[in-house]
Amino acid sequence: MFVGHIGAGLALKRFEPRLNLGALLFAALFADALLWVLVLLGIESIGTPVDAGHGKFFTFVFPYSHGLAASLGWSALAGLVGWLAPTGVTGRARLAGALAAAVFSHFVLDFIDHVPDMPLLGEGSAKLGLGLWRHMPLAIAVELVITGAGLALYLSRIRLSKGRAALVAGLALMAALLTAAGPYAPGFPPPAAVLAATSLVTVFAVVLVGFSVERRFALTVRR
């Protein structure tokens with residue numbers, strides 16, 4: 001799940017337009033950003049790719065970035081950040097709820113795709129995951145539908161110039177192409193450190209586009 005998380009961030013912008021799109025995209029992708037940092041630090045790890053016959057997928061050891069308990073904790077922290085929004089911002093509870101929902105949406109969407117490798121608590125606890133990745137074409141289709149719905153909700157509410165609307169649509173399209181092509185890439189994947197570093201750069205590039213669309217590097221924007 002990659003472009004689906006972008007779709008979740010776009011959809012939540014529809015319901016809380018005061019939050020910066022860059023902040024929402026970072027929140028929706030936070031678990032992955034944390035995962036790749038922890039992989040580089042040797043704290044979490046990537047398993048050997050699994051060939052399901054219709055595309056490959058990875059399994060992970062990632063209790064701190066993608067476990068249910070960890071996800072709830074990170075979501076609560078994000079909600080606190082929203083609650084402590086800059087002075088003068090009203091409706092803090094709504095801001096906090098939207099930011100927390102963006103972070104927790106990552107667990108919900110990954111739960112649909114992942115085989116059971118998402119721990120309930122620590123790594124030794126029960127693992128969660130519905131395993132839609134075992135049916136990769138369906139998994140990609142579901143992700144694209146989520147993204148399309150999020151993009152439609154976003155564009156129906158947020159007023160943008162044609163150029164900025166095209167930038168958001170282009171971001172979604174590029175991420176969709178990467179998501180659809182990734183499981184079918186030939187050959188063996190690069191070393192874990194290289195995969196983590198390039199993935200981390202990709203996440204921050206997406207977030208940077210979100211801030212660029214808003215033309216403001218802050219948690220909230222004026223609407």
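Residues are numbered from 1 along each chain as its sequence is written. In this predicted model, local features need pLDDT of at least 70 and side-chain atom pairs count only at pLDDT 80 or more, while totals for chains, interfaces and linings use all residues, and side-chain values use heavy atoms, with hydrogens and water left out.

The table gives relative accessible areas, where buried means under 20%, exposed over 50% and partly exposed in between (1.4 Å probe, protein chains only).

| Residue | Relative accessible area | Class |
|---|---|---|
| Leu 144 | 35% | partly exposed |
| Val 37 | 33% | partly exposed |
| Ser 125 | 17% | buried |

Leu 144 belongs to helix H6 (residues 136–157), helices being DSSP runs (H or I) of at least four residues and strands (E) of at least two, numbered from the N terminus. Not counting residues up to four places away in sequence, Leu 144 touches Val 3 and Ala 176, contact meaning heavy atoms within 4.5 Å. Between Leu 144 and Gly 91 there are 32 Å in space, C-alpha to C-alpha, and the two are 53 residues apart in sequence.

Ser 125, by contrast, sits in the loop between strand E5 (118–119) and strand E6 (127–128), where Ser 125 is in contact with Pro 119 and Leu 120, leaving aside neighbours within four places in sequence.

Helix H5 (residues 92–113) has 22 residues that should span 32 Å at 1.5 Å a residue, which agrees with the 32 Å between its end C-alpha atoms; the expected span is 1.5 Å times one less than the number of residues.
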